[in-house]
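Please look over the sequence and the model below.

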Amino acid sequence: MFIAIVPAFNEAKHIFNVVTRLHPHVDRVIVVDDCSTDNTAFLAKEAGAFVISHGVNRGQGASLQTGHVCALDLGATHVLHFDGDGQFDVSDILPAYTKLKESGVDVLFGSRFLGKDSNIPFLKRYLFFPIGRLINRLFARVRLRDVHNGFRILNRKALLHVVITQDGMAHATQIPALVQRYKLQYIEHPVLVTYHEFGQGLRGGVTIVRDLFMDRFIR
Amino acid sequence: MLSIFQILFVCFILFAIFGVVQKRRSGDLGPKGALFWVLFWIGVGVAVVWPESTAKIAHIFSIGRGVDLVLYISIATLFYLLFRLHIKIEQVGRDVTTLIRKMAIDDAKKSLKE
């Protein structure tokens with residue numbers, strides 16, 4: 001069973017379309033509503049998703065892990081991480097899923113830098129991403145072209161190993177770090193990203209580094 | 001002759017040690033923790049009653065004044081405690097997430113059955 005996990009926080013504007021478009025490409029869509037103040041949960045349910053609602057806002061990493069737990073419970077063989085803000089293109093799913101299966105790897109990371117022409121803001125492309133890549137190499141010891149891309153496919157083996165404890169955005173570094181730790185096989189695959197908003201800024205980046213640093217001291 | 005400040009401080013220290021002993025008796029504080037805090041307050045007491053004693057220790061570390069030594073140790077201790085507190089908060093945050101996750105999944109399953 002191929003399950004899409006969509007973490008969503010105040011995504012009322014996009015969530016209905018995202019879920020509707022996802023349906024033909026996966027067996028099931030799980031939307032983890034991270035205590036949105038708008039009607040994200042209602043719209044996701046209307047669109048036919050299985051909705052899990054956090055009673056308190058816990059962050060994107062926490063939402064993904066909630067999705068993982070539920071997907072394992074439902075008997076998922078593969079899961080897809082897909083952002084709820086409509087920045088990804090559903091036509092990337094099937095080629096990516098096929099590539100993952102054919103190459104026999106455990107994890108597929110989406111990348112904005114492998115051919116597809118995403119409209120990445122200038123500051124992100126030339127300042128934030130290079131710093132992010134450096135941080136990834138430092139904390140995760142993984143060389144990924146695209147550091148924080150929310151498009152991923154994990155098989156069941158990876159799902160059992162990748163337990164996200166980084167509740168915030170630092171999960172995007174923690175996932176490759178866990179992939180490396182458990183010696184899971186991975187590939188990168190080009191995906192299209194359409195920016196509706198800037199996303200992570202400098203402040204977000206500083207928080208990620210802080211979270212990764214603090215993680216070293218938490219049992 | 002002790003100054004008013006010193007007398008007040010010694011009273012406070014005795015009160016603090018009394019508190020530590022009580023916490024130890026009620027089981028809120030382990031033997032190591034109790035020993036640390038008793039020694040800590042005795043150390044503070046020595047520094048208050050005999051201020052020149054801190055100067056002697058300061059000289060060993062090539063620090064000019066005893067007050068400076070106390071200040072440096074205090075700042076270092078405060079930073080350390082703040083760091084520990086930060087870690088504790090992070091841990092509590094993760095525990096909260098685990099709870100929220102369990103509740104959310106249970107609720108979703110329940111609504112699916114209905």
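How many residue pairs are in polar contact between chain A and chain B, both at pLDDT 80 or more? The count is eight. A polar contact is a pair of N or O atoms within 3.5 Å; within protein, one must be able to donate a hydrogen and the other to accept it, and residues adjacent in sequence count only if both atoms are side-chain atoms.

## Ground rules

This is a predicted model, where local features need pLDDT of at least 70, side-chain atom pairs count only at pLDDT 80 or more, and totals for chains, interfaces and linings use all residues. Residues are numbered from 1 along each chain as its sequence is written, chains are lettered from A and ligands numbered from 1 in the order in which they are written, and side-chain values use heavy atoms, with hydrogens and water left out.

## Where the chains meet

Chain A brings 26 residues to the contact, and chain B brings 16 residues. Contact means heavy atoms within 4.5 Å. The size of an interface is often given as the accessible area lost when the parts come together. Here about 1,900 Å² is buried between chain A and chain B. Carbon and sulfur atoms give 64% of that area. Buried area is the accessible area (1.4 Å probe) that two parts lose on being put together, summed over both. In chain A, the residues that lose the most area to chain B are A:R58, A:M214 and A:I218. Together they make up 28% of what that side buries.

The rule finds three salt bridges across this interface. A salt bridge is a side-chain nitrogen of Lys or Arg within 4 Å of a carboxyl oxygen of Asp or Glu. B:R94 and A:D215 meet in a salt bridge through their side chains, at 2.7 Å from N to O. Strand 3 (50-53), helix 3 (60-73) and helix 8 (202-215) of chain A each supply at least two residues of the side that touches chain B. Helix 3 of chain A gives the most, with six residues. Helices (H or I, at least four residues) and strands (E, at least two) are DSSP runs, numbered from the N terminus.

A:Q65 lies in helix 3 of chain A. Is A:Q65 buried or exposed? A:Q65 counts as buried, at 7% relative accessibility. Buried means under 20% relative accessible area, exposed over 50%, partly exposed in between (1.4 Å probe, protein chains only). Leaving aside neighbours within four places in sequence, A:Q65 is in contact with A:V162, A:V163, A:I164 and B:R101.

A:G55 sits in the loop between strand 3 and helix 3 of chain A. A:G55 is exposed, with a relative accessible area of 55%. Leaving aside neighbours within four places in sequence, A:G55 is in contact with A:C35 and B:I100.

## Rings in pairs

Over all chains, the structure holds 14 aromatic pairs. Rings of Phe, Tyr and Trp (its six-membered ring) pair if their centres lie within 6.5 Å; planes under 30 degrees apart count as stacked, over 60 as edge-to-face and the rest as tilted. The ring centres of A:F88 and A:F151 are 5.6 Å apart and the planes are at 80°, so this pair is edge-to-face. The pair links distant parts of the chain, 63 residues apart. Both A:F88 and A:F151 are buried.

B:F9 and B:F12 also form an edge-to-face pair, with 6.2 Å centre to centre and 80° between the planes. These two are three residues apart in helix 1 (residues 4-26) of chain B, so about one helical turn separates B:F9 and B:F12. B:F9 is partly exposed, with a relative accessible area of 29%. B:F12 is partly exposed too, at 43%. Ring pairs link B:F5, B:F9, B:F12, B:F36, B:W37, B:F40 and B:W41 into a cluster.

## Positive phi

Most residues other than glycine have a negative phi. A:C35 is not a glycine, and its phi is positive, near 60°. A:C35 is found in the loop between strand 2 (28-33) and helix 2 (40-46) of chain A. B:S62 is not a glycine either, and has a positive phi of about 60°. B:S62 is placed in the loop between helix 3 (51-60) and helix 4 (66-113) of chain B. At 69% relative accessibility, B:S62 counts as exposed.
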